[in-house]
Amino acid sequence: MALVGALCRRCMTLVGPGGIRTLSSETVQSRSEHEKEVLKFDALSSSWWRDDKDPLYLMNSVRIPLLKSLARQIDFPDPQILDVGCGGGYLAEELAKQGFDVTAIDPSEEMIRIASNHANKFPGDLDLRYQAATVEEVTEQFDMVVSSEVVEHVPCVATFVSQCAGRVRPGGGLMFTTINRTVASWLFAIMLAENVAGLVPPGTHEYHKLVPPHTLTGAIADCGFDVVKVVGLNFNPLTRQWGTSSDLSINYAVTAIKRDLEDIEDEYDS
């Protein structure tokens with residue numbers, strides 16, 4: 001089989017269906033960037049569950065339907081879901097309340113403490129487990145993996161996507177939500193949302209780390225997935241409501257389904 005995959009020139013890592021191969025010591029710098037991101041979000045931890053008007057919390061109104069739609073397209077009854085980079089638990093807790101079996105991970109022990117404490121306030125029994133871990137530390141596979149508003153914070157998009165993809169069972173589903181790198185996203189997601197309206201804490205996003213759709217879908221396809229949907233996620237700050245559209249200029253979501261390894265090998269052998 002020919003060598004296939006995506007080369008991330010930022011950390012010199014080759015990723016693809018066969019796994020991850022580090023090509024240089026520049027990954028040390030990537031780990032340093034990762035640690036800085038964890039510390040940054042630790043400092044913002046007090047903002048979680050402060051009220052129900054947080055745009056990230058309100059995003060559940062579009063994230064949950066997208067995940068339910070993806071669940072219907074895969075051949076796994078009662079799918080087990082891994083939430084990568086769960087933060088304070090907005091998405092993981094709601095998925096569990098909707099009846100899903102959820103494992104949620106985050107590298108920040110402080111975030112996991114906040115998420116666990118809030119989930120413990122819920123009187124019902126939730127199939128929800130929190131763990132302070134990175135995705136590469138997870139050894140098992142799941143029917144679905146979701147990583148929402150995380151990929152724009154990682155040192156290497158291709159490596160992170162490959163690590164998430166590797167935790168999906170063949171035939172399972174994968175979903176990312178993130179922010180495009182456009183003039184509109186700089187204006188609305190950073191300048192206005194962070195520095196003017198205060199919808200998001202200042203410094204949350206860095207423009208050069210934002211991820212164009214073709215970069216994300218390309219990395220997903222290189223890991224042996226068929227992209228199912230790419231859809232825009234639009235937030236109205238006046239009504240504080242999210243909706244979906246064909247406009248990918250700011251927030252967007254990607255869903256995909258993992259092909260069997262045999263199908264991937266046949267494709268590249270032909």
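By class, the residues lining the largest cavity comprise 3 nonpolar, 3 polar and 1 charged, where Ala, Val, Leu, Ile, Met, Phe, Trp, Tyr, Cys and Pro count as nonpolar, Asp, Glu, Lys and Arg as charged, and the others, Gly among them, as polar. The model is predicted, so that local features need pLDDT of at least 70 and side-chain atom pairs count only at pLDDT 80 or more, while totals for chains, interfaces and linings use all residues. Residues are numbered from 1 along each chain as its sequence is written, and side-chain values use heavy atoms, with hydrogens and water left out.

**Cavity**

- A search of the whole structure finds 1 cavity of 30 Å³ or more, a cavity being a set of points on a 1 Å grid over the protein atoms alone where a 1.4 Å probe fits but cannot get out.
- The largest cavity holds about 30 Å³ of space, the volume being the space filled by probe spheres set on grid points that are joined across faces, edges and corners.
- Its lining, meaning residues with an atom within 4 Å of a point, consists of Leu66, Ser69, Leu70, Gln73, Val228, Lys229 and Thr255.
- Helix α3 (60-73) and strand β9 (225-236) each supply at least two lining residues, and the largest share, 4 residues, comes from α3; helices (H or I, at least four residues) and strands (E, at least two) are DSSP runs numbered from the N terminus.

**Sheet**

- An open sheet of 8 strands runs in the order β6-β5-β4-β7-β8-β11-β9-β10 with mixed pairing, two strands being paired if DSSP finds at least two bridges between them.
- At the edges are β6 (128-132) and β10 (241-245), each of which pairs on one side only.
- Strands β4 (residues 80-84) and β5 (residues 101-106) pair in the parallel sense over 5 bridges, and valine 102 in β5 is the bridge partner of isoleucine 81.

**Two buried threonines**

- Threonine 255, in strand β11 (residues 251-258), counts as buried (under 20% relative accessible area, 1.4 Å probe, protein chains only), with a relative accessibility of 4%.
- Leaving aside neighbours within four places in sequence, threonine 255 is in contact (heavy atoms within 4.5 Å) with residues including Leu70, Val228 and Lys229.
- Threonine 217, in helix α8 (residues 213-222), is buried at a relative accessible area of 19%.
- Not counting residues up to four places away in sequence, threonine 217 touches Val227, Val230 and Val254, and its C-alpha atom is separated by 8.5 Å from that of valine 230, 13 residues apart along the chain.

Notes. 1 Å grid on protein atoms, 1.4 Å probe; cavity = no way out; pocket = protein on both sides within 12 Å on 5 of 7 lines; lining within 4 Å. Buried < 20%, exposed > 50% of the residue type's maximum accessible area, 1.4 Å probe, protein only.
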